[in-house]
Amino acid sequence: MKPDRTKVILYNILFVAACTGIFLFLWNAPPETTARLPHDSNHERFMDMGKKEAEKYCNKCHAPDAIAPLPKDHPPKYRCLFCHKRDQEKM
Ligand code: HEC
Ligand code: HEC
């Protein structure tokens with residue numbers, strides 16, 4: 001039996017359409033809005049530190065009973081700097 005050419009072409013078109021759709025979806029994704037690490041005396045020293053190293057210090061001030069507790073609805077907070085980017089890092 002001959003391969004069904006129309007079907008093959010149709011599947012190819014569908015495949016390209018699906019890829020285009022996924023691409024456009026990612027392209028239009030909203031920009032990241034999570035607050036960046038501030039440039040101030042509290043945070044400046046973390047700018048050039050390794051992420052894991054820096055994250056050891058966050059809790060000193062951002063623990064629930066410290067000077068700058070996290071908001072109540074804060075998302076899971078393992079690895080602060082994956083979400084709160086520093087300036088030199090790309091969005
Ligand atoms: C010495 C205390 C201290 C340490 C250590 C510290 N912070 Fe902060 N942080 C503060 C204070 C105080 C504020 C609130 C005042 C402000 O917005 O500057 C703040 C605010 C923030 C904000 C909110 C900025 C905004 O735009 O609202 C983020 C994000 C943040 N800190 C992340 C971190 C991360 C991540 C670490 C660990 C690498 C860290 N902080 C370590 C004291 C600290
Ligand atoms: C999964 C991503 C994620 C992680 C991990 C994370 N955060 Fe956040 N954080 C957010 C989001 C989202 C918000 C609220 C929206 C915003 O930042 O404007 C927020 C808010 C904050 C705020 C308040 C900012 C403001 O404008 O009031 C501080 C301070 C903060 N985070 C510190 C930390 C610290 C310290 C850690 C690590 C212990 C941490 N975050 C880990 C996503 C994250």
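## Where to begin: E55

In which helix is the place of E55? In this predicted model, E55 belongs to helix α2, and with a relative accessibility of 13% the residue counts as buried, because buried means under 20% relative accessible area. The side chain of E55 also takes part in a polar contact, which joins E55 to the side chain of R79 at 2.5 Å.

## The iron atom of ligand 1

Two histidines, H43 and H62, coordinate the iron atom of ligand 1, each through the atom NE2, at 1.9 Å. Around this iron atom there are six donor atoms, and because the angles that they subtend run from 87 to 180 degrees, the arrangement is octahedral. For comparison, the ideal angles for six octahedral donors are 90 or 180 degrees.

H43 lies in the loop between α1 (5-27) and α2 (51-62), whereas H62 lies in helix α2, so the pair ties together parts that are 19 residues apart in sequence. The two histidines can also be described by their accessibility: H43, at 13% relative accessibility, counts as buried, while H62 has a relative accessible area of 26% and is partly exposed.

## The surroundings of ligand 1

How many residues are around ligand 1, and which of them come nearest? There are 17 residues around the ligand, and those that come nearest are D40, H43, C58, C61 and H62. In the case of D40, a polar side-chain atom lies 3.2 Å from an oxygen atom of ligand 1. Both histidines that coordinate the iron atom also have a side-chain atom beside a nitrogen atom of the ligand, at 2.7 Å for H43 and at 2.7 Å for H62.

Ligand 1 sits in the largest pocket.

## The iron atom of ligand 2

The iron atom of ligand 2 is coordinated by H74 and H84, again through NE2 and at 1.9 Å. Here the six donor atoms subtend angles of 88 to 179 degrees, and therefore the arrangement around the iron atom of ligand 2 is octahedral. The two histidines link distant parts of the chain, with H74 in the loop between α2 and α3 and H84 in the segment after α3, ten residues apart.

Are H74 and H84 buried, or are they partly exposed? H74 has a relative accessible area of 26% and is partly exposed, and H84, at 23% relative accessibility, also counts as partly exposed. As for its place in the fold as a whole, H74 is 58 residues from V16 in sequence, and the two are 40 Å apart in space when taken from C-alpha to C-alpha.

## The surroundings of ligand 2

Around ligand 2 there are 15 residues, of which L70, H74, C80, C83 and H84 come nearest. A backbone N or O atom of A35 lies 3.1 Å from an oxygen atom of this ligand, whereas for H74 a polar side-chain atom lies 2.7 Å from a nitrogen atom of ligand 2. A polar side-chain atom of H84 is likewise found 2.8 Å from a nitrogen atom of the ligand.

Ligand 2, too, sits in the largest pocket.

Methods:
Residues numbered from 1 in each chain as written. Chains lettered and ligands numbered in written order. Predicted model: local features only at pLDDT ≥ 70, side-chain atom pairs only at ≥ 80, totals over all residues. Heavy atoms only, no water. Donors = N, O, S within 2.8 Å, 3.2 Å for Na, K, Ca; no water. Tetrahedral: all angles 85-135°; square planar, octahedral: opposite > 155°, others 65-115°. Helix = DSSP H or I, 4+ residues; strand = E, 2+ residues; numbered from the N terminus. Buried < 20%, exposed > 50% of the residue type's maximum accessible area, 1.4 Å probe, protein only. Near = heavy atom within 4 Å. Polar contact = N/O pair within 3.5 Å; in protein donor to acceptor, adjacent residues only side chain to side chain. 1 Å grid on protein atoms, 1.4 Å probe; cavity = no way out; pocket = protein on both sides within 12 Å on 5 of 7 lines; lining within 4 Å. Sits in = over half its atoms within 2 Å of the grid points.
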